[in-house]
Amino acid sequence: MKDIAAMDNKSEKEKLRQWAKDVRHTLDLKKTSKEIENKVINLDIYKSSLNVMSYLAKDIEISLDGLFAWRKKWFLPVVVQTYYGISLKVVPYVHKRTNLNKNKFDIMEPEVINDKYFDQVNKKIKLDVIFVPGLCFDKKGNRLGFGKGFYDSFLKLNPDSYKIGCCPKKCLVDEL
């Protein structure tokens, strides 16, 4: 999965982001989320995975909360400000038992307790599947996110993980 950061015209990216947000406001995202969850549970890669990273959806994102009932080791991202910028850490997550807080981007994320996290640089964990939120995806695996860039860097640190982009079908485009 590649980000379209190389897109020359930033205003074009912003127009595409706004289009995707507008489209999402016209959709029944709860229904779409359930349809995507039903497809995911039938994927062989998902069935055989042990360590799975997901995310907690914002109001205009695909929610995968129904998948947390499956017996997997779940991990969620936590946004961290570092000396070099913003990055993601991965934290173990147990549905309905892990304490959650809103971060500065208004995203729910698990509380980091002591050193119970993985940064995928100094402290790694093998993630079999990573569910990736995005505003748009194309058929070549390119994604358009919300513009902060933390997923793009994180995905590069996990080249062997199987990535599944999550967006409504109407936000899947031929080419970004």
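I began with Val-79, which counts as buried because its relative accessibility is 18%; buried means under 20% relative accessible area, exposed over 50%, and partly exposed in between, with a 1.4 Å probe and protein chains only. Val-79 lies in strand S3, where helices (H or I, at least four residues) and strands (E, at least two) are DSSP runs numbered from the N terminus. I also looked up Val-79 against Gly-145, and the two are 66 residues apart in sequence and 15 Å apart in space, C-alpha to C-alpha.

I note that this is a predicted model, in which local features need pLDDT of at least 70 and side-chain atom pairs count only at pLDDT 80 or more, while totals for chains, interfaces and linings use all residues. Residues are numbered from 1 along each chain as its sequence is written, and side-chain values use heavy atoms, with hydrogens and water left out.

Next, the pockets. On a 1 Å grid over the protein atoms alone, a pocket is an open set of points where a 1.4 Å probe fits, with protein on both sides within 12 Å along at least five of seven lines, and lining residues have an atom within 4 Å of a point. Grid points are joined across faces, edges and corners, and a volume is the space filled by probe spheres set on the points.

I found a volume of about 550 Å³ for the largest pocket. Its lining has 20 residues, and Ile-36, Lys-39, Gly-165, Cys-167 and Lys-169 lie nearest the centre. Helix H2 (29-40), strand S8 (136-138) and S10 each supply at least two residues of this lining. By type, the lining of the largest pocket divides into eleven nonpolar, two polar and seven charged residues, where Ala, Val, Leu, Ile, Met, Phe, Trp, Tyr, Cys and Pro count as nonpolar, Asp, Glu, Lys and Arg as charged, and the others, Gly among them, as polar.

The second largest pocket holds about 470 Å³ of space. I listed 30 residues lining this second pocket, with Ile-107, Phe-146, Lys-148, Phe-150 and Tyr-151 closest to its centre. Two or more lining residues come from each of helix H1 (10-25), strand S3 (73-82), strand S6 (108-110) and helix H4 (150-156), and H1 gives the largest share, five residues.

I then turned to salt bridges, each a side-chain nitrogen of Lys or Arg within 4 Å of a carboxyl oxygen of Asp or Glu, and a search of the whole structure finds nine. One of them joins the side chains of Arg-17 and Glu-14 at 2.8 Å, N to O; being three residues apart in helix H1, they are separated by about one helical turn. Arg-17 is buried at 7% relative accessibility, whereas Glu-14 is partly exposed at 39%.

Another salt bridge joins Glu-175 and Lys-140 at 3.8 Å, N to O. This pair links distant parts of the chain, with Glu-175 in the segment after strand S11 (172-173) and Lys-140 in the loop between S8 and strand S9 (142-144), 35 residues apart. Glu-175 is exposed, with a relative accessible area of 56%, and Lys-140 counts as exposed at 54%.

My last entry is Tyr-162, found in strand S10 (residues 162-166) and partly exposed at 43% relative accessibility.
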